[in-house]
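The exercises below go through one protein model step by step. Try each task before reading its solution.

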Amino acid sequence: MSSWEQIVAENDTSHMSKNLKTHRIPGYEKTLKAPMFVYRKRLELIEELLEELLCFSMEGNIILVEGKRDLTSLRELGIKGRIELVTHHPLTDICEKVAATGKEVIILTDWDRRGIILEKKISDHLEYYGIKIEHRLRKRILSLVRKDIKDVESLYTHILKLRQIADPGYHYNNTDDNVFI
């Protein structure tokens with residue numbers, strides 16, 4: 001038995017298809033590409049990262065995003081701290097404004113070619129001013145969602161879908177609920 005088969009055998013396999021590449025959920029019209037425990041683990045890791053991001057922002061640090069939809073997505077996920085848009089003003093003005101605060105920064109631009117170039121430019125400018133940039137959190141977020149979505153604005157809907165797959169009985173649309181389970 002291969003290590004993959006052993007992992008699958010140890011976890012919930014009651015609805016696995018024969019080829020071990022798909023997973024069906026009773027009452028769910030789609031076939032998943034991985035066993036349920038994979039989705040649950042991914043959701044758990046993303047929720048931990050969101051909590052870290054929330055703590056980062058609540059400490060007064062700054063999150064930089066490309067556009068209004070990115071900001072809206074983060075707000076819907078419960079991120080309450082300071083979020084600045086980087087595409088509505090000249091880059092030097094934004095970097096000077098952020099540098100004047102002396103706070104740490106995380107750059108959450110999209111992970112397409114344009115977003116990566118923008119992230120590099122912002123990083124270079126802020127490092128020139130001596131501002132500490134939190135790269136680790138961005139990289140961890142990207143490693144978990146890059147295959148499924150391409151931008152920050154899709155993060156909220158992606159997490160909602162993961163929650164519905166991982167725990168279809170729970171209703172996340174209740175506005176009284178916090179993001180974190």
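**Exercise 1.** Does His158 count as buried or exposed, and at what relative accessibility?

Solution. The model is a predicted one, where local features need pLDDT of at least 70, side-chain atom pairs count only at pLDDT 80 or more, and totals for chains, interfaces and linings use all residues. Residues are numbered from 1 along each chain as its sequence is written, and side-chain values use heavy atoms, with hydrogens and water left out.

Step 1. Set the cut-offs: buried means under 20% relative accessible area, exposed over 50%, and partly exposed in between, with a 1.4 Å probe and protein chains only.

Step 2. Apply them: His158 has 9% relative accessibility, so it counts as buried.

Step 3. Helices (H or I, at least four residues) and strands (E, at least two) are DSSP runs, numbered from the N terminus.

Step 4. List what it touches, where contact means heavy atoms within 4.5 Å. With neighbours within four places in sequence left aside, His158 is in contact with Ile46, Val145, Asp148 and Ile149. Between His158 and Leu43 the C-alpha distance is 9.9 Å, although 115 residues separate them in sequence.

**Exercise 2.** Describe how the protein chain is built up from helices and strands.

Solution. Step 1. Count the elements: the protein chain has seven helices and five strands.

Step 1. Read them in order from the N terminus: α-β-β-α-β-α-β-α-β-α-α-α.

Step 2. Turn to burial: of the 181 residues in the protein chain, 43% are buried.

Step 3. Consider contacts with a separation of 6 or more: residues 24 or more positions apart account for 60% of them in the protein chain.

**Exercise 3.** Which residues of helix α5 are buried, and how are they arranged around the axis?

Solution. Step 1. Check the length of α5 (residues 113-128).

Step 1. Name the buried residues of α5: Gly115, Leu118, Glu119, Ile122, Ser123 and Leu126. Seen down the axis, the buried residues of α5 fall within an arc of 135 degrees, so they line one face of the helix. The arc is that of the directions from the helix axis to the C-beta atoms.

Step 2. Look at the other side of α5, where Arg113, Arg114 and Tyr128 are exposed.

Step 3. Find the cover: the elements over the buried residues of α5 include β3 (62-65), α4 (91-101), β5 (105-108) and α6 (135-145). Just after α5, Gly130 has a positive phi of about 85 degrees.

**Exercise 4.** Which residues line the largest cavity, and of what class are they?

Solution. Step 1. Define the term: on a 1 Å grid over the protein atoms alone, a cavity is a set of points where a 1.4 Å probe fits but cannot get out, and lining residues have an atom within 4 Å of a point. Grid points are joined across faces, edges and corners, and a volume is the space filled by probe spheres set on the points.

Step 1. Count and size: there is one cavity of 30 Å³ or more, and the largest cavity has a volume of about 40 Å³.

Step 2. Name the lining: Ile46, Leu49, Leu50, Ile141, Leu144, Val145 and Leu155. Helices α2 (36-58) and α6 each supply at least two residues of this lining.

Step 3. Sort by class: the lining has seven nonpolar, no polar and no charged residues. Here Ala, Val, Leu, Ile, Met, Phe, Trp, Tyr, Cys and Pro count as nonpolar, Asp, Glu, Lys and Arg as charged, and the others, Gly among them, as polar.

Notes: 1 Å grid on protein atoms, 1.4 Å probe; cavity = no way out; pocket = protein on both sides within 12 Å on 5 of 7 lines; lining within 4 Å.
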